[in-house]
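Subject: Structure for you, with notes

Hello,

Here is the structure I promised to send over. Please open it first, then read the notes below with it on screen.

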Amino acid sequence: MEGPPLLIVDAANVVGSRPDGWWRDRAGATARLRDSLAGVAEAGLPPHLPPPVEVVLVVEGRARDVPAVPGVGVVAASGSGDDAVVDLVSAAPRRRRVVVTADRELRERVTARGAEVYGPRWLRDGAQGPDGAPVG
């Protein structure tokens, strides 16, 4: 494997996995997810994903303008967010790629390309934001 693991988060899917009112402010909910991921680059997600980790959040639709922050890159999908996730996985064949999504079709597409897949609960239960609170 070359380089640190690549953690690719399907923002729309992770944000949509909790009925917490995200639909009233998709961009705000996505920004909160992004901010909660900021510490993962340095801390990893032990024991499954030791640091350092490159974290990329794939955004689409009304959340497309959410910018990157230190520790979290943002890819704004020009079309389908799922296609953007698959493109990221395909572009890094020599790296460990971990995708967070609950989308069954996307899971099949990225595992066929050698990526590992975990659901949103794994991310929420295993990741802590910069303030020590669980992600999501």
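What share of the contacts in the chain with a separation of 6 or more comes from residues 24 or more positions apart? The figure is 57%. Bear in mind that this is a predicted model.

**Overall layout**

The chain has 6 helices and 5 strands. Along the sequence they run β-α-α-α-β-β-α-β-α-β-α. There are 136 residues, and 44% of them count as buried. The exposed surface comes to about 7,000 Å². Carbon and sulfur atoms supply 50% of that area.

**The strands**

Start with β2, residues 54–59. Of its 6 residues, 5 are buried, so the strand is mostly covered. β2 pairs with β1 (residues 6–10) in the parallel sense, over 5 bridges. In that pairing, L7 has V55 of β2 as its bridge partner. β2 also pairs with β3 (residues 73–76), again in the parallel sense, over 4 bridges. There, L57 stands opposite V74 of β3.

**The nonpolar cores**

In general, nonpolar side chains tend to be buried together in soluble globular proteins. Here, the largest nonpolar core has 24 residues. Which residues have the most contacts inside this core? They are L7, V9 and L37. Several elements supply at least two core residues each: β1, α1 (11–15), α2 (26–36), α3 (40–43), β2, β4 (97–100) and α6 (120–126).

Leaving out residues up to four places away in sequence, V9 touches V14, L33, L37, V56, L57, V58, V100 and L123.

There is also a second, separate core, with 15 residues. Among them are L6, V56, A92 and A115.

**Helix α2**

Which residues of α2 are buried? They are G28, A29, T30, A31, L33, R34 and S36. The cover over these buried residues includes β1, α1, β2 and β3.

**Salt bridges**

Side chains of opposite charge can pair when their charged atoms come close. How many salt bridges does a search of the whole structure find? The search finds 5. Three of them are worth a look.

- E2 with R94: the side chains meet at 3.4 Å, N to O. E2 lies in the segment before β1, and R94 in the loop between α4 (81–90) and β4, so this pair ties together parts that are 92 residues apart in sequence. E2 is partly exposed, with a relative accessible area of 46%. R94 is exposed, at 55%.
- E54 with R95: the side chains meet at 2.8 Å, N to O. E54 is in strand β2 and R95 in the loop between α4 and β4, so the pair ties together parts 41 residues apart in sequence. E54 counts as partly exposed, at 35% relative accessibility. R95 counts as buried, at 16%.
- D35 with R34: the closest N and O atoms are 2.8 Å apart. R34 counts as buried at 9%. R34 is also one of the buried residues of α2 listed above.

**The aromatic pair**

A pair of aromatic rings is described by the distance of the centres and the angle of the planes. The search of the whole structure finds 1 such pair. Is that pair, Y118 and W122, stacked or edge-to-face? The ring centres are 4.1 Å apart and the planes stand at 15°, so the pair is stacked. The cut-off for stacked is under 30 degrees. Y118 is partly exposed, with a relative accessible area of 22%. W122 counts as buried, at 17%.

**Where to look**

For a quick tour, begin with β2 and its parallel partners, β1 and β3. Move on to V9 and the residues it touches, including L33 and V100. Then check the E2 and R94 salt bridge. Finish at the stacked rings of Y118 and W122.

Best wishes

Notes. Residues are numbered from 1 along each chain as its sequence is written. This is a predicted model: local features need pLDDT of at least 70, side-chain atom pairs count only at pLDDT 80 or more; totals for chains, interfaces and linings use all residues. Side-chain values use heavy atoms; hydrogens and water are left out. Buried means under 20% relative accessible area, exposed over 50%, partly exposed in between (1.4 Å probe, protein chains only). Two strands pair if DSSP finds at least two bridges between them. A nonpolar core is a set of buried Ala, Val, Leu, Ile, Met, Phe, Trp, Tyr and Cys residues joined through side-chain atoms within 4.5 Å. Contact means heavy atoms within 4.5 Å. A salt bridge is a side-chain nitrogen of Lys or Arg within 4 Å of a carboxyl oxygen of Asp or Glu. Rings of Phe, Tyr and Trp (its six-membered ring) pair if their centres lie within 6.5 Å; planes under 30 degrees apart count as stacked, over 60 as edge-to-face and the rest as tilted. Accessible areas come from the Shrake-Rupley method with a 1.4 Å probe; for residues, only the protein chains shown count as cover.
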